[in-house]
Amino acid sequence: MKKLHPVAAAWLSVLIMMIGVGIGMLGMALLNHKVLSVLAAILGIAVFIAGVVFNLIKVRCPHCDTYLGRTSGPKCPFCGNDLNK
């Protein structure tokens with residue numbers, strides 16, 4: 001199975017987190033319905049946390065498997081290998 005490029009994984013994790021925020025905001029819009037509001041808030045938090053976990057697992061150097069975090073550039077700051085290969 002082909003590994004996901006670190007930049008693509010970072011953007012995908014941000015997308016997942018933004019979906020979680022959107023679900024949480026939907027919960028805020030449903031304040032008249034207490035049960036739906038609480039369920040949407042819990043689901044939004046769970047999806048946001050899933051995005052954070054996805055980021056921690058997938059945004060890694062394909063060579064040394066070190067977490068890249070918010071670093072950017074064509075080379076891994078830890079091992080110096082090209083991230084595009």
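M25 counts as exposed in this predicted model, at 57% relative accessibility. Exposed here means over 50% relative accessible area, buried means under 20%, and partly exposed lies in between (1.4 Å probe, protein chains only). M25 lies in helix α1; helices are DSSP runs of H or I of at least four residues, strands are E runs of at least two, and both are numbered from the N terminus. M25 and L68 are 43 residues apart in sequence. Their C-alpha atoms are 30 Å apart in space.

Residues are numbered from 1 along each chain as its sequence is written. The model is predicted, so local features need pLDDT of at least 70, side-chain atom pairs count only at pLDDT 80 or more, and totals for chains, interfaces and linings use all residues, while side-chain values use heavy atoms, with hydrogens and water left out.

Two packed helices are described by the angle between their axes and the distance between the axes. Helix α1 spans residues 6-29, and helix α2 spans residues 34-58. They pack at an angle of about 170 degrees, with their axes 7 Å apart. Axes are lines fitted to C-alpha atoms, for helices over the stretch in contact, and angles run from 0 to 180 degrees between N-to-C directions. The angle makes α1 roughly antiparallel to α2. The cut-offs are under 35 degrees for roughly parallel, over 145 for roughly antiparallel and 65 to 115 for roughly perpendicular, with the rest oblique.

On the α1 side, the contact is made by A9, A10, L12, S13, I16, M17, I19, G20, V21, I23, G24 and G27. On the α2 side, S37, A40, L43, G44, V47, F48, A50, G51, V52, F54, N55 and K58 take part. Contact means heavy atoms within 4.5 Å. The residues of this contact divide into 15 nonpolar, eight polar and one charged. In this scheme Ala, Val, Leu, Ile, Met, Phe, Trp, Tyr, Cys and Pro count as nonpolar, Asp, Glu, Lys and Arg as charged, and the others, Gly among them, as polar.

S13 lies in helix α1. S13 counts as buried, at 0% relative accessibility. Leaving aside neighbours within four places in sequence, S13 is in contact with G51, F54 and N55. I23 is also placed in helix α1. With residues up to four places away in sequence not counted, I23 touches A40, L43, G44 and V47. I23 and V59 are 36 residues apart in sequence and 24 Å apart in space, C-alpha to C-alpha.

S37 lies in helix α2. At 10% relative accessibility, S37 counts as buried. The side chain of S37 reaches the backbone oxygen of G27 at 3.0 Å. Beyond its neighbours within four places in sequence, S37 is in contact with G27, L30 and L31.

The largest nonpolar core has six residues in all: A9, V59, C61, L68, C76 and L83. A nonpolar core is a set of buried Ala, Val, Leu, Ile, Met, Phe, Trp, Tyr and Cys residues joined through side-chain atoms within 4.5 Å. In soluble globular proteins, nonpolar side chains tend to be buried together. L83 touches H5, C61, P62, L68, G73, P74, K75 and C76, not counting residues up to four places away in sequence.

C64 sits in the segment after α2. It is partly exposed, at 31% relative accessibility. C64 touches C76, F78 and C79, with residues up to four places away in sequence set aside. The C-alpha atoms of C64 and L83 are separated by 10 Å, and the two residues are 19 residues apart along the chain.

D65 also belongs to the segment after α2. D65 is partly exposed, with a relative accessible area of 43%. Most residues other than glycine have a negative phi. D65 has a positive phi of about 60 degrees although it is not a glycine.

N84 is likewise placed in the segment after α2. N84 is exposed, with a relative accessible area of 53%. Its side chain makes a polar contact with the side chain of H5, at 3.0 Å. A polar contact is a pair of N or O atoms within 3.5 Å; within protein, one must be able to donate a hydrogen and the other to accept it, and residues adjacent in sequence count only if both atoms are side-chain atoms. N84 touches H5 and P74, not counting residues up to four places away in sequence. The C-alpha atoms of N84 and G69, 15 residues apart along the chain, are separated by 17 Å.
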